[in-house]
Amino acid sequence: MIKCSIQTTVIVESALHSEHAILPQCGAEVWFFGRVRNHNLGRQVRSVEYDAFGPLCENVFREIAEESRKWSSNGAVTIVHRHGLLEIGEISVAIGVSTPHRDEAYKASRYIIEQIKVRAPIWKKENYIDGESEWVKGHELCQHAHFHDPELDLHT
Amino acid sequence: MNKIEVEIKLFGAFRKYGSLPIRFEFSEAKTSAEVKAVLGEYLQKTFPEFDKELVQTSVLANDKMVLSHSNLIEQSCQLAVLPPVCGG
């Protein structure tokens, strides 16, 4: 089961947990939360703004979730990303994976976040405490941008 | 021949150059690379401080997928210009 979304509203952990599928065959459930931190590359961050191309984003999330079926075929995946203005400590992205065993859950979760970082049409602008703001440099997209991590033994 | 109207939504660092989509009109089909070049020329002419590397490192996309450089745009459509990404 796959659930993917991009939203401007606050990501609430309890709501994520209650909406994530609980499957009797899954003994492992791993959650990753990305939160806004107060520093980046030596600069003090006050807040961040995420921009997103919503329709394509959801397609890319779904594509990535389908690819993660290499590990989670008998389980469930939830991907939620927020865009708009976020304060320090707020959740920007949540990834939930349920699989029969923990090894697959950790691998699927890691795969999903690494792919989101290089493929999802999302951009981050950091607002610094000195009053300046900057769009964070990112990863160039191409038609077939996939991530190859030998440790994960995945090549797409 | 019918005009081909291409509307390009701006995202990320491109937002510095406007919040509304930019519209172009073509009299014949263009590749994605050609449309991107036209966008780059327009931004460079309109904004003296525009860094052309931003267009060079960006791609065009529709709601469903990133377009390859050789993708032919033969009909009026809405696209988006996507600079290097950093979600998550």
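**Exercise 1.** In this predicted model, determine which residues A:D51 is in contact with, leaving aside its neighbours within four places in sequence.

*Solution.* Begin with the position: A:D51 belongs to strand β4 (residues 43-52) of chain A. Within chain A, the contacts of A:D51 are A:P121, A:I122, A:W123 and A:W135.

**Exercise 2.** Decide whether A:D51 is buried or exposed.

*Solution.* The relative accessible area of A:D51 is 8%. Buried means under 20%. Therefore A:D51 is buried.

**Exercise 3.** Classify the ring pairs A:W71 with A:Y111 and B:Y17 with B:F50.

*Solution.* The search of the whole structure gives 8 aromatic pairs over all chains. In the pair A:W71 and A:Y111, the ring centres are 5.4 Å apart and the planes lie at 50°, so the pair is tilted. This pair joins helix α3 (residues 69-72) to helix α4 (residues 102-119) of chain A, 40 residues apart. Both A:W71 and A:Y111 are buried. For B:Y17 and B:F50, the centres are 5.1 Å apart with planes at 80°; the pair is therefore edge-to-face. The two residues, 33 apart, lie in loops of chain B: B:Y17 between β1 (4-10) and β2 (22-26), B:F50 between α1 (32-46) and α2 (53-56). B:Y17 and B:F50 are likewise buried.

**Exercise 4.** Identify which residues of α2(A) are buried.

*Solution.* Helix α2 of chain A covers residues 54-67. Its buried residues are A:L56, A:C57, A:V60, A:F61, A:I64 and A:A65.

Note on methods
Residues are numbered from 1 along each chain as its sequence is written. Chains are lettered from A and ligands numbered from 1 in the order in which they are written. This is a predicted model: local features need pLDDT of at least 70, side-chain atom pairs count only at pLDDT 80 or more; totals for chains, interfaces and linings use all residues. Side-chain values use heavy atoms; hydrogens and water are left out. Helices (H or I, at least four residues) and strands (E, at least two) are DSSP runs, numbered from the N terminus. The expected span of a helix is 1.5 Å times one less than its number of residues. Buried means under 20% relative accessible area, exposed over 50%, partly exposed in between (1.4 Å probe, protein chains only). Contact means heavy atoms within 4.5 Å. Rings of Phe, Tyr and Trp (its six-membered ring) pair if their centres lie within 6.5 Å; planes under 30 degrees apart count as stacked, over 60 as edge-to-face and the rest as tilted.
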